[in-house]
Each structure stands twice: as structure tokens, then as C-alpha cells.
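Trainee: Could you pick one part of this model and take me through it closely? I'd like the packing geometry spelled out, then how that part sits in the rest of the chain.

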Amino acid sequence: MASLQNIKGRMKSINSTKQITNAMNLVATAKLTRSKDKALRSRPFFEKMQETISSIASNAGSVNLPLLKPNNSPNKAFIVLAADRGLAGGYNSNICKLVMRSTEQETAKIITVGKKARDQFRSKGYDIVKEVTGISENPVHKDAQSIAQFAADMYKNGEVSEIYLAYTSFKSTIAQEPTLVRLLPLDLDIIKENAPVDEEDIPDLLLYEPSVEEVLGYIIPRYLADITFGGLIEAAASEQGARMTAMDTATENAQEMLGKLNIVYNRARQAAITQELTEIVSGAEAL
């Protein structure tokens, strides 16, 4: 049996860890409230953006835009949204594994957001063409615009034939779902299918000047930036939810370990006291 001093040392160490995980749980809870509110407020905007794209696409006919044309490049690009910090359960590893299962290493071009995604793909030898750090918990639209523009330029230059966005969709405080969506080439048919449908099927009577093609040329890059920003916001909320759950579980585990160690400590202390009493009695009898 371990000595009383060793057991007390372990209990002190676990208690310190418990205090840290409990504090991180409280911090993650506060950040989750803000991130979740931001995600819920932004969803109607992205739905309206998708509805607008669908409205234009329904009258687009045949358009000649680089972002709508496929190319013959064998490479695919993946924008991977992860965290800058760990201690969030399987949040970072799950989204990275989703991407690794969906592509071959030789043909993948990786754009990482967050240090954890960068480190995981770098350790596996993937080609990281762009890395962004320091924005995972509090992204702004300018960051999304820069990332989307970089990806769109790769597609226009024929470096990649497809671009995907990998992020963790926020379902609830305890449920987050790794998600992979295709950004380019833009499939207007899918946008039409996913666009919200009004109760009344009112035909689109708008006229687009100077042309539908010019309007799409302006709005598609904005659409890509907005979808990327939506992914960043969802990922930020998911990160805090995953971290809150992980820290809550860690705190409960620490409390359970302290309870077990406390029993071991009391037994060891009782055994030590019994041994001391036995030695005292034996010494008295010897006298």
C-alpha cells in the first residue's frame, strides 16, 4: 500500500487539476453563451443569402463564370476549421479525421484554421497551402473573406478542381457534428434545392442589371465568404460546447478519483494507527 505522504501528494495534485478544469468549464460556459447567440442570430442571414442566390440562379440560364466551370486538376482543396487550443475532447481530431477519410494525401491541398488542424495535418505530411491561427474563438467576416478569396483564386488558376469546407456544426450544447460541404465548383441546382421555400410560390419578377452574369460574378464571391463565415461561427460555438463538456467530465472524474483516494488514505491511516497501537502494546508487554 502506498505511504500516507504519497497518497496525500496524489490527492493534492488531483485537487489542483480539478480546480483548473472547473475554472475552464466556467470560462467555456460563458464563451459558449456568446458564441451560441451569435450563431443563432446569423443563421437567418445565411438562409436569406442562399435564397437570393437561388432567386438569381432560377433566371440565370446559361452563364459563363470561372467559379461555375469545372477544371481538370486532380487536386482538391479543403478548408479545415478547428481550434487554436486543445482540451476540447474529440473536437479537433474528429474534423481532421473526416477530411483525411475524404481525400487522398497526394492530391489534397489543405487550408487550416486553428493551430490544432495545422499541427495534425503537418504531422501526417499533408500539403498545407495556407494556415490561419488566432481566430477560432472569435472570428470576424474579414477573416472569412480572406480565406474564401484565397480558395477561389486557387480554383480560378486551375490548381484545384474542387474546394470543400470542413467545420463542426453546432447542434446543441452537448452535440456537435463534423460537416463537409462543397464550395466550388458552385452547383446552382443544389443551392436551389436547399433554399428555403415560401408558402406561396411567387415567380421572380426582378430584372438584373447590367446582366445576371454580372450580378452572379459579384455575389458568388460574397456568397463563398458568407458560407465560410457561417462555418467559422458554427465552429466557434461547437468548440466551446465541446470544451465545456470535456471539462465538466474531467471535473467529475477528478472528484471521483478524490473520493477513491480518500478511502485509500483513510484505510492506510487506520492501518498505520493500528500498527502503532500494536507496537505500543507489544512494548508494554515486553516491559
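Mentor: Before any angle gets quoted: a helix axis here is a line fitted to C-alpha atoms over the stretch in contact, and angles run from 0 to 180 degrees between N-to-C directions. Keep in mind, too, that this is a predicted model.

The part I'd pick is the place where helix 2 (residues 91-101) packs on helix 3 (residues 115-123). Their axes are 10 Å apart and meet at an angle of about 45°. Angles under 35 degrees count as roughly parallel, and 65 to 115 as roughly perpendicular. Helix 2 and helix 3 are therefore oblique to each other. As for handedness, helix 2 passes helix 3 in a right-handed crossing.

Now the side of each helix that does the touching. Helix 2 brings Asn-92, Ser-93, Cys-96, Val-99 and Met-100 to the contact. Facing them from helix 3 are Lys-116, Ala-117, Gln-120 and Phe-121. Sorted by class, the residues of this contact come out as 5 nonpolar, 3 polar and 1 charged.

Is Arg-118 buried or exposed? It counts as buried, at 17% relative accessibility, because the cut-off for buried is under 20%. Leaving aside residues up to four places away in sequence, Arg-118 touches Thr-112, Ile-128, Glu-131 and Thr-133. Take Glu-131 from that list: Arg-118 and Glu-131 are 13 residues apart in sequence, and 6.8 Å separates them in space, C-alpha to C-alpha.

Let's zoom out to the chain. It has 6 helices and 5 strands, and reading from the N terminus the order is α-β-α-β-α-β-α-β-β-α-α. Buried residues account for 40% of the 287 residues. If you look at contacts between residues at least 6 apart in sequence, 77% of them join residues at least 24 apart.

The axes of helix 4 (residues 141-156) and helix 6 come within 8 Å, crossing at roughly 125°. Over 145 would count as roughly antiparallel; helix 4 and helix 6 are therefore oblique to each other. Their crossing is right-handed. On the helix 4 side the contact takes in His-141, Ala-144, Gln-145, Ile-147, Ala-148 and Ala-152. On the helix 6 side you'll find Arg-222, Leu-224, Ala-225, Asp-226, Thr-228, Phe-229 and Leu-232. The class tally for helix 4 against helix 6 is 8 nonpolar, 3 polar and 2 charged residues.

There's also Thr-21, whose place is in helix 1 (residues 4-58). Thr-21 is buried, with a relative accessible area of 8%. Not counting residues up to four places away in sequence, Thr-21 touches Met-247, Ala-250 and Thr-251.

Last topic, charges. Side chains of opposite charge can pair when their charged atoms come close. How many salt bridges does a search of the whole structure find? The search finds 12. One of them is between the side chains of Glu-162 and Lys-76, at 3.9 Å from N to O. Glu-162 lies in strand 4 (residues 162-172) and Lys-76 in strand 1 (residues 76-81), so this pair ties together parts that are 86 residues apart in sequence. Glu-162 is buried at 18% relative accessible area, whereas Lys-76 is partly exposed at 27%.

Glu-177 and Lys-171 make another salt bridge, with the closest N and O atoms 3.8 Å apart. Here Glu-177 is partly exposed, at 41%, and Lys-171 counts as exposed, at 52% relative accessibility. Then there's Glu-256 with Lys-260, where the closest N and O atoms are 3.6 Å apart. Glu-256 and Lys-260 both sit in helix 6 (residues 212-286), 4 residues apart, which is about one turn of the helix. Glu-256 is partly exposed, with a relative accessible area of 46%. Elsewhere, salt bridges that share partners join Lys-31, Arg-85, Glu-137, Glu-239 and Arg-243 into one network.

Conventions:
Residues are numbered from 1 along each chain as its sequence is written. This is a predicted model: local features need pLDDT of at least 70, side-chain atom pairs count only at pLDDT 80 or more; totals for chains, interfaces and linings use all residues. Side-chain values use heavy atoms; hydrogens and water are left out. A salt bridge is a side-chain nitrogen of Lys or Arg within 4 Å of a carboxyl oxygen of Asp or Glu. Helices (H or I, at least four residues) and strands (E, at least two) are DSSP runs, numbered from the N terminus. Buried means under 20% relative accessible area, exposed over 50%, partly exposed in between (1.4 Å probe, protein chains only). A crossing is left-handed if the near helix is turned anticlockwise from the far one by less than a right angle, and right-handed if clockwise. Contact means heavy atoms within 4.5 Å. Ala, Val, Leu, Ile, Met, Phe, Trp, Tyr, Cys and Pro count as nonpolar, Asp, Glu, Lys and Arg as charged, and the others, Gly among them, as polar.
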